[in-house]
Amino acid sequence: MLLTITTTMDQATDLGYLLHKHPDRVQRFEQSFGTAHVFYPDAGERRCTAALLLDVDPVKLVRTRGRGTPDFSLGQYVNDRPYAASSLLASAMANVFRTAMRGRCNLRPELAESAIPLEIVLPALPCRGGPGQAERFFAPLGWDVSAVPVPLDPEFAEWGDSRYVTLTLTGTLRLADALNQLYVLLPVLDDAKHYWLAPDEVDKLIRAGEGWLAAHPDRGAITRRYLANRRGLVRTALGRLADAEDAPEEELDPVQVEEEPAPSEDSEQAEKAVSLAEHRLQAVVHALRDENARRVIDLGCGSGKLLARLLKDDFFSEISGTDVSHRALSHAWRRLRWDDRPRRENDRVRDVFQGALTYADERFGGYEAAVLMEVIEHIDPPRLGAVERVVFGHAAPRVVIVTTPNAEHNVRYEGLAPGAMRHSDHRFEWTRAEFRAWADRVAAAHGYRVRHVPVGDDDPEVGAPTQMGVFTR
């Protein structure tokens, strides 16, 4: 199996820094199913190509396959995997380019964050659904896609084409984004995996899909194929994508997952249940109304889901939002679509701006209520004290609403490994007792009282999936 990555950026050999593989060396990495080699067939200042060659050992491969794999019996005698990219290549990528996929490069940190010109070539890629399927999955991510069918035999054109394509992707993206997209979409296009789905498979998908999967128009089909049609895992993954990416929940509805088997009556009822993200929005809006708080600032507004909901409600007279991420604010502005809204709605928006909650900011003040919806768990614990002082001490609105995951409920998420958190960027997740202790301490220190509200289905053993504290002065 062969994958090549080419760039024509200035000082093209800096690709070696991003991949953490020196252009002057040939490196070998043993895998459970063979050997991966990394080398540079072209390493010039204007053009540099890195190649990942995976040499599959058929004996090792058979030993790693379970009897539940669809082609297990045939695979012991006839095996095309050494010649076609698949989940085997995706696994090798994850092992060999682990740091690059995380977007880390200590020697060139600015380069790791930059979009660079890339050309990625896979000479033989299984593509169930034909060349159009590759276009369908890769084009929305910003790639120019060329998927040329591989003939069954060039000597006998009348035999037609195989189910394989030669895939060429051309575009300007962050290398980390490109690698993570390949990691997910290679087995998706093949629609098969060589290994058993481990309990942390949803975690892998959420981590690799961060920043692109939730917004993909075919996220349902991608999620289903990646998780091998495991309905419970698919439902969990789609729910977590809605939470992690703050995507419009209606766009992530599991009902839209393609090629699902016909659901039973009970599962249809489950699909129609209100999502956790929607429960959370409703709970926050109801709490603001209960406290008669009409002027609201969303601290850590992300892509603006709560701001959009507040704009639809004439009860709220003044609305603002802030986030530390410029990218998130860009999504918020697009979500709010100022030009498409009546002027009366736009006039109620005071400001949407970039700001950090660890520093006092005069723009945070002057509101009746502040909301931190799924924010505090993204803050490093040593910096949480600064956020407390800024929000409760300096801004000091009459009402503060805080929501955060309930770590005890994580055992109810199929596909979430024991001890794992719901999102790769979470710095911590509190139990109900831990959140209550923190909330009580903060309230006492700054002259507030706090009431605790479960959000979502309140499990009698592990509580609701989200916990909310409503602080009032």
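Analyst: Val400 has Phe471 in β14 as its bridge partner. The contact belongs to the pairing of strand β12 (residues 399-405) with strand β14 (residues 466-472), an antiparallel arrangement held by seven bridges. Strands here are DSSP runs of E with at least two residues, helices are runs of H or I with at least four residues, and both are numbered from the N terminus. Two strands count as paired if DSSP finds at least two bridges between them. The model is a predicted one, in which local features need pLDDT of at least 70 and side-chain atom pairs count only at pLDDT 80 or more, while totals for chains, interfaces and linings use all residues. Residues are numbered from 1 along each chain as its sequence is written, and side-chain values use heavy atoms, with hydrogens and water left out.

Helix α18 (residues 432-446) packs on the sheet and touches β12, β13 and β14. Contact means heavy atoms within 4.5 Å. The direction of α18 makes about 155° with that of β13; such angles run from 0 to 180 degrees between N-to-C directions, with axes fitted as lines to C-alpha atoms, for helices over the stretch in contact.

The sheet that holds this pair is open and has seven strands, in the order β10-β9-β8-β11-β12-β14-β13, with mixed pairing. Its edge strands are β10 and β13 (449-455), each of which pairs on one side only. From one strand to the next, the twist averages 15°.

Further along the sheet, β8 (residues 295-299) is joined to strand β11 (residues 369-373) by three bridges, and the two run parallel. Within that pairing, Asp298 has Val371 as its partner in β11. β8 is mostly covered, with four of its five residues buried. A residue is buried when its relative accessible area is under 20%, exposed when over 50%, and partly exposed in between, using a 1.4 Å probe and protein chains only.

Strand β9 (residues 318-323) is likewise mostly covered, with five of its six residues buried. β8 and β9 run parallel and are joined by five bridges, and the partner of Leu299 in β9 is Thr322. Between them the chain passes through helix α14 (residues 305-311), forming a right-handed β-α-β crossover. Right-handed means that, with the strands pointing away from the viewer, the path from the first strand over the helix to the second runs clockwise. β9 also pairs in the parallel sense with strand β10 (residues 349-354), over five bridges, and Ser320 stands opposite Asp351 in β10.

Ile5 stands opposite Ile120 in β5.

The buried residues include Arg219, Ile222 and Tyr226. After α10 comes Ala228, whose phi is positive, near 55°.

To place these parts in the whole, the chain has 18 helices and 14 strands. Buried residues make up 53% of its 473 residues. Of the contacts between residues at least 6 apart in sequence, 72% join residues at least 24 apart. The chain exposes about 21800 Å², of which carbon and sulfur atoms supply 49%; accessible areas come from the Shrake-Rupley method with a 1.4 Å probe, and for residues only the protein chains shown count as cover.

A search of the whole structure finds zero disulfides, a disulfide being a pair of cysteine sulfur atoms within 2.5 Å. Among the cysteines, Cys48 is buried, with a relative accessible area of 0%, and Cys127 also counts as buried, at 2% relative accessibility.
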